[in-house]
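Me: I would like to go through this structure with you, beginning with the sheet. Could you set out the terms as we go?

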Amino acid sequence: MATRVIGAGSLARDLGRWRHAHDGDPDPAGRRSTRPAYLALAEGIRLLIHDGRAPLGVALPSERDLAATLGVSRTTITSTYALLREHGYLISRQGSRSTVALPRDVQHDGVKPARSILAMMASPELPTIDMTYAAMAAPLEMQDAYSAALEGIPAYLGTHGMDPVGVLALREAIARRYTARGLPTEPDQILVTLGAQHGLRLLLNVLTAPAARVLIDHPTYPNAIEAIRDVGARPVPVPLRPEDPAGGWDLDGIRSAARQTAASLAYLVPDYNNPTGLLLDADGRAELATIARDTRMTVVIDESMADLGLGADIAPPPVAAFAKGSEIITIGSASKSFWGGLRVGWIRTNQTLITKLLGIRSTVDLGTPVMDQLATVHLLEHADVILDRRRDQLRSQRAALLDTLAEELPDWRVTVGAGGMSVWAQLPTSVSTALAATAPNHGVLLAAGPRFGVQGAFERFLRLPFTHREPELRLAVKAIASAYAALTPRAADPLTPLTCY
């Protein structure tokens, strides 16, 4: 099979102002850097790889084509590709083109943050604050949860320990929490998964086909976009509008997009959307369920953030409480509420679909670890105390982040949602990718705005999590301000216009 090749024109378009994202930063003495162009180009391509705009396994353009398109020497391209190979971003095979890859230490869902090539070369030991993830450290009760699980595990040791549906105690605990929130639920409506992401992938395998359209919030969770693409489906973005009366969701836009694209599936995050923190109100949820029925579209609701409301208002019932049939499927997770290392999630749906999902699951895994499930039972039994404390911590940390942003970056506009773990910041200029590239040189790692959208959107936006402790958040914002100050003089240069997306 022939290797797919990225066109030189397409790569140049996605790179945008790659020279000015890295070249010419003032040094501490105020002098301009003479950093070679190949370093800046390599860093620009590295970011495209991490953002998914340079897909794994595809080949980069030939050195000659890319040199001609970018207007640089072929030596520059040769040096760029050599540097990417050195750091594991290109794989070369004799007799064929070099193909895009990820270094071994960042291949597993980005567990180890990928540092900037420039930062690694300039200062290998530079301490950084990682703002690329939105997740908290484990609560104090986590050790007690596993101690309780260890005490309960003997009851399961006489079995083979592989239960693809999930242990009954956990399914009962999850069902009780749904019922308490206004959505009567039975344990046999719950399928326990390896996190919400795993649940989404199972659903996509059952409910979509290649080239099918899937509606998404825009912006949304990056890994969901990749999951949709991985099954060959096409994400169809419907923009969030914070000024909308329904809390940010353009319900007319969802209805119109569903009809025009014949989308049979939607993936939405109405409970403290990641990255904006927006919350869809009760009336909007009722209307969303109506839209699903009218358009015969199944809506997957991601409730991973549902426990993290930070306002005074009582959260509305789950979207599925407004359904009249099986048009709303809910996925949830213990990862955001309790700990990212606890890979336990669930799907709430009807038994017919659960049977289909089990058929797919048997080809992928044989169930969620029993110990993790029993630990989650303990955490759910003590959830009120744990979550109250974590919400207080998040409110305090969010206040520290906002205060420092107002001091250091007063011209940034910040969307502060009703909950979640991050704010969505709008920059005065379209330099999000460039800022994420240069930020490691100033001591902070960032996830560029385009990661949260499709088709290169959100170059003027940045997700800023407030899951670090207050002193770290203040240092992070100061580092971001320093990196942004190094970029903005060039962003305003009329001779180097910004690429528009």
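Reply: To begin with a definition, two strands pair if DSSP finds at least two bridges between them. Helices (H or I, at least four residues) and strands (E, at least two) are DSSP runs, numbered from the N terminus. This is a predicted model, in which local features need pLDDT of at least 70, side-chain atom pairs count only at pLDDT 80 or more, and totals for chains, interfaces and linings use all residues. Residues are numbered from 1 along each chain as its sequence is written, and side-chain values use heavy atoms, with hydrogens and water left out.

Me: Which residue stands opposite Ala266 in S8?

Reply: Ala266 stands opposite Val299. Strand S7 (residues 265-268) pairs with strand S8 (residues 298-302) in the parallel sense, over four bridges.

Me: What is the strand order of the open sheet?

Reply: The open sheet has seven strands in the order S4-S10-S9-S8-S7-S5-S6, and the pairing is mixed. At its edges are strand S4 (190-193) and strand S6 (234-239), each of which pairs on one side only. On average, neighbouring strands of this sheet are turned by 20° against each other, direction ignored. Angles here run from 0 to 180 degrees between N-to-C directions, and axes are lines fitted to C-alpha atoms, for helices over the stretch in contact.

Me: Which strands does helix H9 touch?

Reply: Helix H9 (residues 196-207) packs on the sheet and touches S4, S7, S8, strand S9 (328-333) and strand S10 (345-348). The direction of H9 makes about 150° with that of S9. Helix H13 (residues 351-361) also packs on the sheet, where it touches S4, S9 and S10. The direction of H13 makes about 25° with that of S4. Contact means heavy atoms within 4.5 Å.

Me: Is Ile347 buried or exposed?

Reply: Ile347, which is found in strand S10, is buried, with a relative accessible area of 0%. Buried means under 20% relative accessible area, exposed over 50%, and partly exposed in between (1.4 Å probe, protein chains only). Leaving aside neighbours within four places in sequence, the contacts of Ile347 include Ile190, Leu191, Leu203, Ile331 and Leu357. The C-alpha atoms of Ile347 and Leu203 are separated by 9.0 Å, although these residues are 144 apart along the chain.

Me: On to the core. How many residues are in the largest nonpolar core?

Reply: The largest nonpolar core has 49 residues, and those with the most contacts inside it are Leu170, Leu215, Ile254, Leu288, Met297, Val299 and Phe338. Helix H14 (residues 370-381) gives the largest share of this core, six residues. A second, separate core has 38 residues, including Leu310, Leu394, Val423 and Ile480. By definition, a nonpolar core is a set of buried Ala, Val, Leu, Ile, Met, Phe, Trp, Tyr and Cys residues joined through side-chain atoms within 4.5 Å. In soluble globular proteins, nonpolar side chains tend to be buried together.

Me: What does Ile254 contact?

Reply: Setting aside neighbours within four places in sequence, Ile254 is in contact with Leu215, Val238, Trp249, Leu268, Leu288, Ile291 and Met297.

Me: Which way do the residues of S12 point?

Reply: Ser422, Trp424 and Gln426 point one way from S12, while Val423 and Ala425 point the other way. Strand S12 (residues 422-426) is mostly covered, with five of its five residues buried. In a regular strand the side chains alternate between the two faces of the sheet.

Me: How many bridges join S11 to S12?

Reply: Three bridges join strand S11 (residues 413-415) to S12, and the two run antiparallel. Arg413 stands opposite Gln426. The hairpin of S11 and S12 has six residues between the strands, and Gly420 takes a positive phi near 90° there. S12 also pairs with strand S14 (residues 461-465) in the antiparallel sense, over five bridges. In that pairing Val423 stands opposite Leu464.

Me: Where is Asn274 found?

Reply: Asn274 is found in the loop between S7 and helix H12 (282-295). Asn274 counts as buried because its relative accessible area is 6%. Not counting residues up to four places away in sequence, Asn274 touches Ser422 and Arg463, among others.

Me: Lastly, what share of the chain is buried?

Reply: Buried residues make up 54% of the 501 residues in the protein chain. The protein chain has 17 helices and 14 strands.
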